[in-house]
4 protein chains.
Amino acid sequence: MNKVQLNPVGWMSQLSQIEVSQLQDTANSQLFQMFKNCCLAVLNSGVDEDNFEVLFAPYHDFDIRLVRRERGVKIELINPPEVAFVDGELIKGVHEHIFSVLRDLLFMGNKYAFLHQSAPADNESITDMVFDMLRHSNALEGNDNLNTVVCWGGHSINQTEYKYTKEVGYQLGLRKINICTGCGPGAMKGPMKGATIGHAKQRYHEGRYIGISEPSIIAAEPPNAIVNELIVMPDIEKRLEAFVRLSHGIIIFPGGVGTAEELLYILGILMNDKNAQQPFPLILTGPAGSEQYFEAIDAFVGATLGKEAQEKYQIIVDDPQDVARVMTAGLEKVREFRVAMGDAFSFNWSLKIEDAFQHPFIPTHETMSQLALHHDQSPAELAVVLRQAFSGIVAGNVKAEGIKQIKERGPFVLSGEQSLMQRIDTLLESFVAQHRMKLPGTAYEPCYVVK
Amino acid sequence: MNKVQLNPVGWMSQLSQIEVSQLQDTANSQLFQMFKNCCLAVLNSGVDEDNFEVLFAPYHDFDIRLVRRERGVKIELINPPEVAFVDGELIKGVHEHIFSVLRDLLFMGNKYAFLHQSAPADNESITDMVFDMLRHSNALEGNDNLNTVVCWGGHSINQTEYKYTKEVGYQLGLRKINICTGCGPGAMKGPMKGATIGHAKQRYHEGRYIGISEPSIIAAEPPNAIVNELIVMPDIEKRLEAFVRLSHGIIIFPGGVGTAEELLYILGILMNDKNAQQPFPLILTGPAGSEQYFEAIDAFVGATLGKEAQEKYQIIVDDPQDVARVMTAGLEKVREFRVAMGDAFSFNWSLKIEDAFQHPFIPTHETMSQLALHHDQSPAELAVVLRQAFSGIVAGNVKAEGIKQIKERGPFVLSGEQSLMQRIDTLLESFVAQHRMKLPGTAYEPCYVVK
Amino acid sequence: MNKVQLNPVGWMSQLSQIEVSQLQDTANSQLFQMFKNCCLAVLNSGVDEDNFEVLFAPYHDFDIRLVRRERGVKIELINPPEVAFVDGELIKGVHEHIFSVLRDLLFMGNKYAFLHQSAPADNESITDMVFDMLRHSNALEGNDNLNTVVCWGGHSINQTEYKYTKEVGYQLGLRKINICTGCGPGAMKGPMKGATIGHAKQRYHEGRYIGISEPSIIAAEPPNAIVNELIVMPDIEKRLEAFVRLSHGIIIFPGGVGTAEELLYILGILMNDKNAQQPFPLILTGPAGSEQYFEAIDAFVGATLGKEAQEKYQIIVDDPQDVARVMTAGLEKVREFRVAMGDAFSFNWSLKIEDAFQHPFIPTHETMSQLALHHDQSPAELAVVLRQAFSGIVAGNVKAEGIKQIKERGPFVLSGEQSLMQRIDTLLESFVAQHRMKLPGTAYEPCYVVK
Amino acid sequence: MNKVQLNPVGWMSQLSQIEVSQLQDTANSQLFQMFKNCCLAVLNSGVDEDNFEVLFAPYHDFDIRLVRRERGVKIELINPPEVAFVDGELIKGVHEHIFSVLRDLLFMGNKYAFLHQSAPADNESITDMVFDMLRHSNALEGNDNLNTVVCWGGHSINQTEYKYTKEVGYQLGLRKINICTGCGPGAMKGPMKGATIGHAKQRYHEGRYIGISEPSIIAAEPPNAIVNELIVMPDIEKRLEAFVRLSHGIIIFPGGVGTAEELLYILGILMNDKNAQQPFPLILTGPAGSEQYFEAIDAFVGATLGKEAQEKYQIIVDDPQDVARVMTAGLEKVREFRVAMGDAFSFNWSLKIEDAFQHPFIPTHETMSQLALHHDQSPAELAVVLRQAFSGIVAGNVKAEGIKQIKERGPFVLSGEQSLMQRIDTLLESFVAQHRMKLPGTAYEPCYVVK
C-alpha cells in the first residue's frame, strides 16, 4: 500500500483545534465521499477523459485520510495515481489543488452545511457565502485591476476551434488580462494556454488562471495544467454566480449544452431591469467555419428571449485581435461605471441576481418533465426555465447523479409549447451533430427526449 | 469641523455586505464607545501621558463614524488630534492601527459577542477564539521561526533601566529575534527600539514589533511609534493568553504591579504539572542598580509560591549579551521540543492554561475583598489569587472603570493571612517607593489598603 | 513615417555621458548596421521564416536611431514591423530584447572592439570577455542553482520531433530546470515551451528561458516568444563558449549541420585531458522514429573521433522522463564536483577550452578548401577541423555573409582523406534527405561540394 | 591567531579571473594599506572615538588577506575587533561594509589608478568616474524618487543639537525622504536615526541611509550603525561631488571646519552662472540655542562671498517640521526642473562643477601658506580658496597625513588680506569655543596659525 502525507498549504495550514475536529468529524459523511472523488479527479488532472467511470476505474483502491497534528491537519493519500508525481513527489500545483478542494468542500462545506437544510437559502445569504468562499480562496485579493475575463465554451471542440481559443487567449494575455474558466480541456484550457504566452511576452508575472469547478463535474473536467487557482463551488448555481461576480467580462466560445446553459444564465441576469445600467462586456466568438454554431445559438436566443437579449452580446467571427480590443474597451467602461458608483472592483456586489437563478435546480425525471417550457411568461422567466432544462441535460451527460438516473429510468422527457420544443430540439440536434456533447471517440447516446 | 475619511486596509478591506451591516449595527453600542476611545488613544500614540482623562480632555469634540460603501467600510474621523497627521495626511502606521482596532474590537467583538453572556466561556472555546483573533490579525503567519520574545516590564521606569531595555533589545535584534510587548512607553518601547537597530545592522528586514493591548488600558499605554502590528484583545486574561501562546520566550524587566501580575500569571501556568515538559525560557533582568527590585520579587515568589516557582526563571543582572545568549539557547530547546512533539511553531496549542487563568476577573470592592489570600491552597491556586489581586490594583491605577470605582468608594481593601498580607504590603510599598505605579511627575495615591 | 521612441531598460538605463557619446559615435559604423539588422530580426520575432532576405524585404524603409538624453540614450524605431506592437505599444519582451541587442552589440562591441584587430585574442582574455558579457546581461545572477540546461537541435524538425522536445522540456520543467537554447524555432523553442508548463505546475516562478544568439544568425533564428533573456555574442565561437560555461548540462535533439557543429565542439572540449575529471551531463535524444538520426551521428563520431568520444554522451530514445532523470542525476554530480573543487556555480571557469576552439573561423572558399580533413592528427584536433567544416556549411546555408559568397563563387569545396570525405558526405546527405538544412517548403540547394 | 573568512557579497561576488588577479596584485601596495585601515575602521563602527591612533592601538596585530577562490575572492580577517561579531559571526551590515570598501578602494582604485598620475584628471572624466563609482555601488538604482537629502554637520555636537538632528530626520522620514551623510556620529547619525522612526511609522520599507566617506577620514568617522549603503570615494573632492550629484537637496546642521568647507563648496557651485537655473534646496538649521552658530557663519559668508551667496540658502531655527516642509517643497521644484529639462533623476549630470572644485587639494605647509586669501578675485574664486583653507584644517585635525605633518613641522600658517584673515580667525575661534573641532573630552590644540 502506497501512502503519501501532504502538509497543509494556504488557509488550511492555519486551522484551530476546533476547526480540525470538525473536519475530522466529516470523515464518514457524504461530503467526505464527494471530497475524495474530487481529490481523485484533481490527481488525474491532465488526463483527457470525460467519462468519470473510466477515469476512476483503475483507482478502486484509492483512499484518503485526514491526519490530525498539533500543527494542523495533514492529508494522507493511499494508492494515488502516479501521474501526479514527479520522482515520488507530488507536483506542487496538484498539492495546492488538493488543499483547495479540502478548503472549499470540507471546510466551507461544513461552515455552510452544503448538504443540509440549514444551508443558506435567502438571496443575500447566498451571495455572502459566494463572496466568503472567494475571499477564503484568495481570489479577491489581486482582483482589483478589472482584468479578469471568464471564458466559457465546450470541453469537446475541434482542433480549429481549440487553436482559435488559444489565439484569443494570446491576444488577451498581451493586454494583461487574466483568464477564468470552468476547469477542464478544450475551451477551458485554450485561452489559458494562449494567455501564458501573451503574459510571458509582456513580462506580466501576476498572470492568474482561475478554474471554478463544482463537485459533480470536476471528475469529467479536472483542472488543466495551467490552472493556478482552483475554486470548487458547491453547485452549478453558486459556481455561475461566482463567475459573474468575480469577472469583469465574459467571452463565449463554441460549446454544447453546458455553454448554452451559461449563456442563458448571463442573459437572464443582464435582461433584469435592475442591471440595465451595468456595462458587462459579453462576446460570442469562434473561428471561420464555426459561423453556423453562432447562427444557431443567436437564432435560438432571438426566437426565445427576443431582440433585447440579442443586444446584450456581440458576435465576432475569426478575429482574435478584435475580440481582445472590444473586450479591453468594454473593461474600460466597467471601470468607469464602478468608479462612478463607488462599487468594489474585486466583486460585483451590485449586480442583481434573482432567486430563481440562485436556488439549486435538482434535475430528476420529475423536475425535468415539469419545466414550464412556454412563452406565457416574461423572457427573463423563460431564460430561467431554459437554463434549467439545459442544466439537466448536462447532468444527464456527465454528472454521476444524472447518469445514474438515466441508467435507471431512461432519458429525461422535456415537453411544452410545440414551437419552442421544436427550437430546442433543433439546437440540441446541432450540438450532437457537431460532437459537442462528449469528447470525440465515443458515440453520443442522448439523455433526453424532446416531445 | 474637520473630517477625514480613511480607506480600509488589511482584512477590513474585504468585508461582505452582511459583515458591513453588522459593523454598522454597533454604531450606538457600548462596544462602539470603547472602539472610539481606543481610536483616540491610537491617534495620540507617541504622546507621553498615562492619565487618560488628561489625554482625552482636549478632544471632547472628537467623533468617529463608519461609512458604508459598496467597496466596504470607511472610517470617518471627526476632529482628530493633529499629532497623527503629516501635512494633512494620516501617518500610515496609525492608519493601520485604527483598522486593527476596528478589526479586533468591532468585527471580532461582534463575532464573539465580547460584551455578552454568549461570549465563549469554556476552556477550549476561549483558546480557539484567542487563536482566531491572532490569525485574523496575521500574527501567526511569519511566526514560524520561533523567534518571538515577549518583553514585560513597567511603563514607568528610570533612564538607566530604559537604556538597559534598549540594550537588551539591541542584543536580541542582532540575533534576529522579534519583539512583542504590551504597547506603550518604558519597558514596552525600549526593547523594540533597540531591536530595530540590531535588525538594521543584520539587514533583517522582517522585523516584527508586535503590540498586544486591551481596550481598558490602551488609552494609558497607546502603541508606541515602532509597533508595526497592533492587536487588541478584549480583556487582560485573553491578552495574557495571547502573549504566552504566541511567543517563544519571555523577558521580564523591572516594573510595577502590572509586571508582577504578568510574572504570577506565567509562573502559575509553568507550575502546572501538565506543562512540566514544556521548555519555556523566562528571564528576569535589569541593569546594575536595579538588583533590589529583583531581590524583592524573588523573595516574594519564594515566600508565596515556593522554590519550585523560583526555578522557572533565571535572573540576570546587567548583562544584555548574556540575556540574549541565554534566550537564544532557550529558543533552541523550544524548537527541539516542538519538533519532537509535532507541535505548531506559530501558536503554542499544547500549553495547558487552567480555567482560573482564562476567566475574566472583574475587580470590584467586593471581589477584591473576597480574594482568598492565604496559604491553605496549592501554590498554583495561590498564584491565581495573587494575580487577581495585582490585576485589581492595576485597574485601580490606570483603567477607567477601576479609577471610577476608587473615586466613588475609596480604595480596594485586601485582607487575608497575616504573614502573606505583610509580604504583599512590602512588595507594593517598594513599587511606590521606586515610582513604578504611575509616570513620574505625579504623586501616587494608593488605590488599595492592605489589612 | 512612423516613429517610436523607446526608453532604455536594464543596464542601458544607467550610462555615463562618455558611454553615451561612444554609443553615438558608432552611428555610421559597420557595427551599427549589424545592430540595425539584429533589431529588425528581434522585431520580427515569432515570424516563421529563415530566409533573411524574404524576412527583411518588406522593411526596406526600416531605420533606427540613437537619441541622446541627459537621462541616457533612447532608441528611435522608424517604420518598425507592426507585428511587434499591441495597440500601438511595443511588446515589453521585444522592448527588452532590443536593449539587449544594444547592450551586447554596440556597448560591449565598443568595449571589446568586436570588429577590430584590438579585440581580445588570447585565451584568458576571451574567456574573461565571455564572462563579462554574461555578467552584464545579468545571466550569472540566478545561475547559482546548477539547473541551467542547454538544448541544442535543429530549427527545422518535424512535428513528432517538435512535440518530443516539448515533452522533454516539460519533464525538465517539472524538475525546476531552466532552459537555454540558441534562439529560434524548432528544437530551440519546444523545450522552452514544455518547460513553461512544467514550471507552472510546480509553481516555479523563476523560470529562465535564455536565448544565446549571434549577429549573423539572429535574422534566420530570431528569439522565440518565450525567451526572457536574450544574449547576443559576437561570433559562433564565443557563443559556443557561453553555452558551455554558463550551462550545467546539455541535451542534443535531432538537427542539421549546426547541431553537428555543436556536438563536435563539446566533444572536442570534453576529450581534452584537462577536462577529464569534469562531470558534464550530455544527452542525445529524440522520439521513436528518429533513431536513424542518432545512429548516423553516433556512427560518424565513432568513425572519426573514436570510442572515447562516444563515451562522453548517452543516447536515449523516446523517453522524456528518463532524459530528465538522467540529467537530474548528472547535475547532482556537477554539484558535488564544484563543491569539492570550490568552483563557481554560475560560470564554469575551470573547463579548459583550447585556443583552436576559441578563435573565430571565418569561412571562405579558401579557408574551407584548406581544412585539414584527415586522420593524421589527434581526435581532438580532428574535432576542431570538423567543427569548422560544419560551421562553414551553416554559414553558407543561413548567414548573410556566407550566402553572398556562395552566390558569387559557387559552393564551398571540401576535400581531404577519402574515407573521411565519404563519411562526411553520407552524413550531410542524410541531413538533406531529412529536410534538416532549411525550413520545409524550400528546396535545398547545397552550398558545398564534397570531393 | 584568530582568523575569519568572509564570502564576497554584492558586486564583489562576480569577479572575473583577471579582476581577481588584479586585486591580488595590490596586496603589497600603498592602496592595500589604505584598504586595511578602512576595514579596521569599519570593524570598529559604533565605537565613539575620533582619534584614529587611540582607536587602532589595540589592534596592532590586525591583518587582512585576499584569498583567491575559483568562485571569486574571499577576505580573511586576522585578529579582528570583537565588537563587530555576534556569537562569533560578523554582523551582516559590517560584512557588507567591508566588501564596499574592497569594491571602492581596491577594485575601483585599480580601475582608476587612484594613486597614480594616470588617474582621471579632466573635468568630464572625473565626473564620469564619480558616476561609475556610484553606479557600481548600486546607489543610482532606487535614486529615482528625488527624495535623497544630504545632511551635513559636525560629528561633535552637543546633546540639544543631536536631539534636534534626530527630530529633523524624523520629520524627513515621515515624508519618505532618504538620508545621505558623511558617515560617523553626531549630525551624521542623528538624521538617520530619526528617519528610521519616521520611515517605520509610514511603513516605508525602502529607507536608504547612505554614508559617503573617504579613506583618510573613515577611521575618525566610521559608518554608524544605521548606514545601510557605504560608499568610499578616493578623496574629499570626489566625495563632495558625489554628495551634490547624488542628492536632491542639502541640510546643514551646526558643525566645525568640515561643515564650513562643505558649505563653501556648495555655495561656490551654486554661484556659478551656469547653475543659475538649477533649483537646489539648501537649508541651514539648528535648535534654539544654536542661533549664534548660524549668525557667525552667515556673517562670514556675507562678508566674504556677498549677498548673492547668502540668497542660496535659507536659515531655519528650531523648527524641524518647517525644515521638512521647505525641503519637500524644494524637492518638488527639483522634480519640475528635471522633468522640464529631461534631466536624469538619479544623478545630477547638468550641474556644472568647475575644475578648481574637482582637483584634489593636498594640504601641506607650502600649499596652505600659498592660498590666495584676498578679495582681488570673484566670490566664486574666493569660495574655492576658502574651501581649501578649511579642508587643510580638517586634515590637520583628524586625517592621519595632516596630523603627521603638524607633528613634524608645527601648525599650518594661513596668511593674506588683513580683514579677511580677521574674519577667518573669528570664525575658527568660535568653532574652538563651541567644542566643534574634536569630540568632547579632549583639549583642542589648533593645527593652524592665522596671521
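Student: What superposes chain B on chain A?

Tutor: A rotation of 180 degrees, with 0.0 Å of shift along its axis, and the RMSD is 0.0 Å. Superposition here is least squares on the C-alpha atoms of residues with pLDDT of at least 70 in both copies. This is a predicted model, where local features need pLDDT of at least 70, side-chain atom pairs count only at pLDDT 80 or more, and totals for chains, interfaces and linings use all residues. Residues are numbered from 1 along each chain as its sequence is written, while chains are lettered from A and ligands numbered from 1 in the order in which they are written.

Student: Why is the relation of chain B to chain A called a two-fold axis?

Tutor: Two copies of a chain are related by a rotation about an axis and a shift along it. Here the rotation is 180 degrees and the shift 0.0 Å. That is the relation of a two-fold axis. In chain B, His136(B) has the C-alpha nearest the axis, 6.0 Å from it.

Student: How do you know which surface serves both copies in the pair of chain B and chain A?

Tutor: Compare the contact residues. Two residues are in contact if their C-beta atoms, placed from the backbone, lie within 7 Å. Of the contact residues of chain B, 100% recur in chain A. The same surface serves both.

Student: What makes up the contact of chain B with chain A?

Tutor: Chain B gives 19 residues and chain A gives 19 residues. On the side of chain B, α1 (17-25) and α5 (123-136) each supply at least two residues. α5(B) gives the most, with five residues. Both are helices: DSSP runs of H or I with at least four residues, numbered from the N terminus, as are strands, which are runs of E with at least two. By class, the side of chain B that touches chain A has six nonpolar, five polar and eight charged residues. Nonpolar means Ala, Val, Leu, Ile, Met, Phe, Trp, Tyr, Cys and Pro; charged means Asp, Glu, Lys and Arg; the others, Gly among them, are polar.

Student: What makes up the contact of chain A with chain C?

Tutor: Each chain gives 17 residues. In chain A, α4 (92-111) and α7 (190-201) are the elements that give two or more residues to this side. α7(A) gives the most, with four residues. The side of chain A has seven nonpolar, four polar and six charged residues.

Student: Which figure goes with the lack of contact between chain B and chain C?

Tutor: Their closest C-alpha atoms lie 20 Å apart, and no contact joins them. For chain A and chain D, the closest C-alpha atoms also lie 20 Å apart, again without a contact.

Student: Why are α2(C) and α4(C) called roughly antiparallel?

Tutor: Helix α2 (residues 30-43) and helix α4 (residues 92-111) of chain C pack at about 160 degrees, with axes 10 Å apart. Angles over 145 degrees count as roughly antiparallel, under 35 as roughly parallel, 65 to 115 as roughly perpendicular and the rest as oblique. So α2(C) is roughly antiparallel to α4(C). Axes are lines fitted to C-alpha atoms, for helices over the stretch in contact, and angles run from 0 to 180 degrees between N-to-C directions.

Student: What is the handedness of the crossing of α2(C) and α4(C)?

Tutor: Right-handed. The contact has 13 nonpolar, two polar and no charged residues.

Student: What makes β9(A) an edge strand?

Tutor: β9 (229-232) of chain A pairs on one side only, as does β12 (314-317). Two strands pair if DSSP finds at least two bridges between them. Four bridges join β8(A) (residues 209-213) to β9(A), and the two run parallel. In one of these strands, β9(A), Leu230(A) is the bridge partner of Gly211(A). The open sheet has seven strands in the order β9-β8-β7-β6-β10-β11-β12, with parallel pairing. Its neighbouring strands are turned by 25 degrees against each other on average, direction ignored.

Methods
Left-handed = near helix turned anticlockwise from the far one by under 90°.
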